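This report describes side-chain interactions in one protein structure. Please keep the sequence and the coordinates at hand while reading.

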Amino acid sequence: MMCKSKICYFVSIILVTVFFTVSAGKPVMAQEMAKDGSSTKNVLIIYDRRNYFGFKADEVTAIVNLLYHFNVNTEEIMASSYKAGMMQRYDCTVYIGISDEKLKNDLLKDITDYKKPFLFIGKGIQSLLRYNPMEGVEFKGNNLKPVKVKYKDREFILKTERFFQEIILKNDAGQVFSTVSDEQSLYPYIVRLSNLWYVSCLDTQGVLFYILADVLHDFFEEYHDTSSPKIYVRIEDVHAERSIENLYKIADYLQQENVPYMVALIPSFYDFKTKNIFDLKDNKRFADCIKYMQDSGGSIVLHGYTHQIHKDMPGEGFEFWDGEKDQPLPVDMKKWVDERINAAIDECTEVGIGPIAFEAPHYAASSEAYKNLKRYFSTIIGHLQTSDRGYTTTPYPYTLHYSSLYNNLIPENLGYVDPDDLLYKEHIFEELEKVAIVRDYTAGFYFHSYLDPKLLEPIIVEIKKRGIDFLDLKQENNWVKGANYIISSQSGNIQIEQVKTLKEPLLIRIFRRIFIVLLILVTTICLRLLYIFLDRRRKAKEYLFKE
């Protein structure tokens with residue numbers, strides 16, 4: 001037995017030595033800095049249903065993403081699944097009421113007992129007021145569509161199909177942030193009643209949505225830099241069939257005005273009419289033009305790979321959504337995104353072009369597509385598609401951060417220059433007036449690459465007159481991580497690095513093979529020793545019974 005112990009001890013020493021030798025040769029990965037959670041608020045979202053009857057838009061997703069402007073973690077639960085005491089574990093709670101269903105007593109009791117900030121949006125407030133009457137607060141019922149809204153001494157005409165809940169306040173019962181009107185009387189739109197904040201009309205489009213976005217700063221007690229809101233112009237649907245001369249004119253005009261801009265680039269496409277394939281690398285004049293735009297103030301944004309999946313012309317089709325059947329693409333989305341995005345990145349980088357963000361064609365992408373795109377891009381531009389039930393997008397008034405669908409989202413919310421609309425300038429600035437009620441807004445509009453740059457001039461002049469800063473995407477920290485290239489931007493500089501496959505040093509590979517051989521050998525020896533030990537015990541017992 002002593003011999004066996006020595007063998008096992010010797011084998012153990014060898015195993016430990018080899019293990020630590022191999023481990024020491026491995027590169028040590030830097031541990032990621034943990035996100036400072038000291039001011040992060042954990043938010044519970046409770047909802048009765050996700051959609052209005054007959055509509056495709058997912059109202060819950062639209063509102064939840066509005067919260068990602070702030071330092072929050074969110075968890076969603078349907079009201080029917082709520083269990084007593086659940087909300088007590090969260091720093092804030094949001095209830096979203098779309099139907100007129102009565103709230104359960106467990107939920108009503110917890111709302112009543114809750115001492116932390118509680119945001120109640122939409123229908124169901126009558127159940128709470130019946131369960132817990134509040135002095136000076138009276139529910140009068142559903143009202144017709146509001147026609148006006150007032151916020152911070154500014155009034156806006158409303159174009160919404162949504163009804164609102166008529167609440168009457170007496171004797172200064174609450175702090176009213178915003179009011180709505182039915183042309184006869186004023187009613188609270190957003191009101192604070194102690195720790196309960198109530199929003200009487202659930203709308204995820206336009207000025208009502210933007211007012212809620214601004215009030216959320218007060219709800220979360222998170223106040224951002226309001227000194228310098230940003231606006232951007234994006235040159236849309238730039239591809240090899242566009243007029244190169246016109247692209248130079250646009251670039252020269254914006255550079256002359258010292259205006260940074262974005263270029264939504266389609267690097268490759270198939271022309272079904274001519275049966276020609278247009279690649280960026282095969283068209284030196286076009287590639288040189290894009291590099292000129294990149295060097296003269298333009299930030300390149302990948303606008304898909306081909307901007308098409310069916311027999312569509314580039315700039316007209318979808319790519320990450322089935323536009324014909326209005327449903328998610330029936331493909332392996334991870335593989336689809338991997339192939340198309342890596343091809344697009346390679347197409348650009350091989351001619352010296354560094355895209356630093358992504359814009360989905362028509363802003364259309366399924367949730368699965370977004371989750372896969374998130375692996376490649378730090379920054380998404382445009383509206384956010386907020387439902388997989390059908391093509392429906394939501395414009396936001398400020399940047400969003402760190403949801404399951406994106407890392408950062410820079411919104412587009414002003415529309416575009418429409419040459420067929422004589423009032424295109426007025427319409428863009430009407431939208432800006434709405435967005436500007438948000439204290440730290442980011443605004444954006446787009447200009448098609450085939451249009452005469454003279455159509456852009458009156459808008460640029462007016463923006464400068466108003467003293468609004470232009471967003472320079474290259475000044476921000478952005479990254480694009482492809483299989484073969486990594487692109488990053490910081491302080492106006494763009495870096496393109498080729499991904500290198502790291503090979504282990506020869507010595508480490510030798511030790512690794514020795515380790516595997518020794519592991520097999522030691523395992524064999526140990527199993528053999530165990531077999532001998534058990535066999536001898538068995539024989540000893542048999543001998544004992546024979547005695």
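Is Phe-118 buried or exposed? Phe-118 is buried, its relative accessible area being 1%; the classes are buried under 20% relative accessible area, exposed over 50% and partly exposed in between, with a 1.4 Å probe and protein chains only.

## Basis of the values

The model is predicted, so that local features need pLDDT of at least 70 and side-chain atom pairs count only at pLDDT 80 or more, whereas totals for chains, interfaces and linings use all residues. Residues are numbered from 1 along each chain as its sequence is written, and side-chain values use heavy atoms, with hydrogens and water left out.

## Aromatic pairs

The structure contains 19 aromatic pairs. Rings of Phe, Tyr and Trp (its six-membered ring) count as a pair if their centres lie within 6.5 Å; planes under 30 degrees apart are stacked, over 60 edge-to-face, and the rest tilted.

One of these pairs joins Phe-70 and Phe-220, which are tilted, with 5.1 Å from centre to centre and 40 degrees between the planes. The pair links distant parts of the chain, 150 residues apart: Phe-70 belongs to the loop between helix H2 (59–66) and strand S2 (72–78), and Phe-220 to helix H5 (residues 207–220). Helices (H or I, at least four residues) and strands (E, at least two) are DSSP runs, numbered from the N terminus. Phe-70 is buried at 5% relative accessibility, and Phe-220 is buried at 0%. A second tilted pair is formed by Phe-118 and Phe-120, whose ring centres are 6.4 Å apart and whose planes meet at 40 degrees. Phe-120 is buried at 0% relative accessibility. Phe-70 and Phe-220 also belong to one aromatic cluster, together with Phe-177, Trp-197, Phe-219 and Tyr-398.

## Charges over rings

Two cases place a charged side chain over an aromatic ring. The criterion is that NZ of Lys or CZ of Arg is within 6 Å of the ring centre and within 35 degrees of the ring normal. Arg-50 lies over the face of Tyr-47, 4.8 Å from the ring centre. The charged end of Lys-481 sits over the ring of Trp-479, at 4.5 Å from its centre.

## Salt bridges

How many salt bridges does a search of the whole structure find? The search finds 28 salt bridges, each defined as a side-chain nitrogen of Lys or Arg within 4 Å of a carboxyl oxygen of Asp or Glu. Arg-50 takes part in one of them with Glu-76, where the closest N and O atoms are 3.1 Å apart. Glu-76 lies in strand S2 and Arg-50 in the loop between strand S1 (41–47) and H2, so this pair ties together parts that are 26 residues apart in sequence. Glu-76 is partly exposed at 36% relative accessible area, and Arg-50 is partly exposed at 22%.

Lys-109 and Asp-113 meet in a salt bridge with an N to O distance of 2.8 Å. Both residues lie in helix H3 (residues 105–113), 4 residues apart, which is about one turn of the helix. Lys-109 is partly exposed at 42% relative accessibility, as is Asp-113 at 35%. Arg-234 forms a salt bridge with Glu-359, the closest N and O atoms being 3.1 Å apart. This pair links distant parts of the chain, 125 residues apart, with Arg-234 in strand S12 (residues 230–238) and Glu-359 in the loop between strand S17 (357–358) and helix H9 (367–373). Arg-234 is buried, with a relative accessible area of 0%, and Glu-359 is buried, with 1%. Elsewhere, salt bridges that share partners connect Arg-154, Glu-433, Glu-462, Lys-465 and Arg-466 into one network.

## Surroundings of Leu-384

Leu-384 lies in strand S19 (residues 384–385) and is buried at 0% relative accessibility. Beyond residues up to four places away in sequence, Leu-384 touches several residues, among them Asn-65, Tyr-370, Thr-393, Tyr-396 and Leu-409; contact means heavy atoms within 4.5 Å. The C-alpha atoms of Leu-384 and Ser-366 are separated by 10.0 Å, the two residues being 18 residues apart along the chain.
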